[in-house]
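Open the model in your viewer and show it as a cartoon. The tour below goes from one selection to the next.

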Amino acid sequence: MKEAKLASERKRSRGLGEDKSFKLFSGSANRPLAEEIAGFVGVKLGESKLQRFADGEVYFQLLENVRGTDVFLVQPTCFPVDQHLLELLIMIDALKRASAARITAVVPYYGYARQDRKDRPRVAISAKLIADLLTTAGANRALFVDLHAAQIQGFFNIPVDHLFASPVLVSHFRELNLPNLTVVSPDAGGVERARFFATKMGAPLAIVDKRRTDMNVSEVMHVIGDVKGRTCLVIDDMVDTAGTLVKTVDALLANGATAVHACATHAVLSGPAIDRIANSRMEQLVVTNTVPLREAAQKLSKIKVLSIAGLLGAAIESIHMETSVSSLFN
């Protein structure tokens, strides 16, 4: 055991920049994040050409040899979701046909994850469909961050590594040292995530009961737990239209909370989200860079972005070196 650990440490000390069997490529969805990851692991992004024909069809070509290499491809399926998803599939196909030894799809944000079960008659389970598409395209492994539902890992017939952004977010809020802190889950589905966060912060947990009336429309009903005189921190995996988040903030303040902060891994921020956040009574929304922020969101002082490039870079190193990634959960 000790010898194996020393061997892995010797391999790590050389840096991946000297490892000819390792390649890192990026799609167009979030190239700045891919460049940060490349800097962390000490390599340059692979050379490729990604263009579109006049009718919008994707054209992708690798500009360097990948035969026999361990390839990691960074591409979140963020807005426009369908465009970036198709890019990812075509890039995986190109890598497979160029004889890459192993292809790992690094998808910091997994689109279509919210449709993970049949909660109504005659609906699709699109999270499973996307899993099948990635596997059929040729991905040998997948790396995700904060899936909307953990069971999505079971939709894949290839190895899946599921990272949590919590270590990055917990470190940030520990430094803030918020007084009388209570961690809040905005719905019943996020209780496990919020409980983990509350345990790490040494804070009590509260839950907001929410009843969704339509797609992207929600109504906050009441708060479960004592938040009077407390500083509340709302934890979620994503912020889409921000309707749920803003109503959660209002409900907490109406129940006596002195201040409300919020954090989420994926800043999807669709439609009226930015205006809602700007006009809300929350102190700050902390997100990660799994999804690139729109220009309007970058200008909003209420939104703070933390980088998870180090977390993803460490996971990529561990996968390539065949070592455990479980230490990254702490």
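H3 and H4 run roughly parallel to each other, because their angle falls under 35 degrees. This is a predicted model. To see the pair, select residues 81-97 for helix H3 and residues 126-137 for helix H4; their axes cross at roughly 25° and come within 8 Å.

Now show side chains along this contact. On the H3 side, pick Leu85, Leu88, Leu89, Ile92, Asp93 and Lys96. Facing them in H4 are Ile130, Leu133, Leu134, Thr136 and Ala137. What is the make-up of the contact of H3 with H4, in nonpolar, polar and charged residues? Eight are nonpolar, one is polar and two are charged.

Next, go to the sheet. It is open, has five strands with parallel pairing, and reads S1-S4-S5-S6-S7 in order. Select 22-26 for strand S1 and 160-163 for strand S7: these are the edge strands, each with a single partner, so one side of each lacks a neighbour in the sheet. Looking across the sheet, neighbouring strands are turned by 15° against each other on average, direction ignored.

Last, select residues 31-41, helix H2. This helix packs on the sheet and touches S1 and S4. The direction of H2 makes about 160° with that of S1.

Definitions and conventions
Residues numbered from 1 in each chain as written. Predicted model: local features only at pLDDT ≥ 70, side-chain atom pairs only at ≥ 80, totals over all residues. Heavy atoms only, no water. Pairing = 2+ DSSP bridges. Helix = DSSP H or I, 4+ residues; strand = E, 2+ residues; numbered from the N terminus. Axes fitted to C-alpha atoms, helices over the stretch in contact; angles between N-to-C directions. Contact = heavy atoms within 4.5 Å. Parallel < 35°, antiparallel > 145°, perpendicular 65-115°, else oblique. Nonpolar A, V, L, I, M, F, W, Y, C, P; charged D, E, K, R; others polar.
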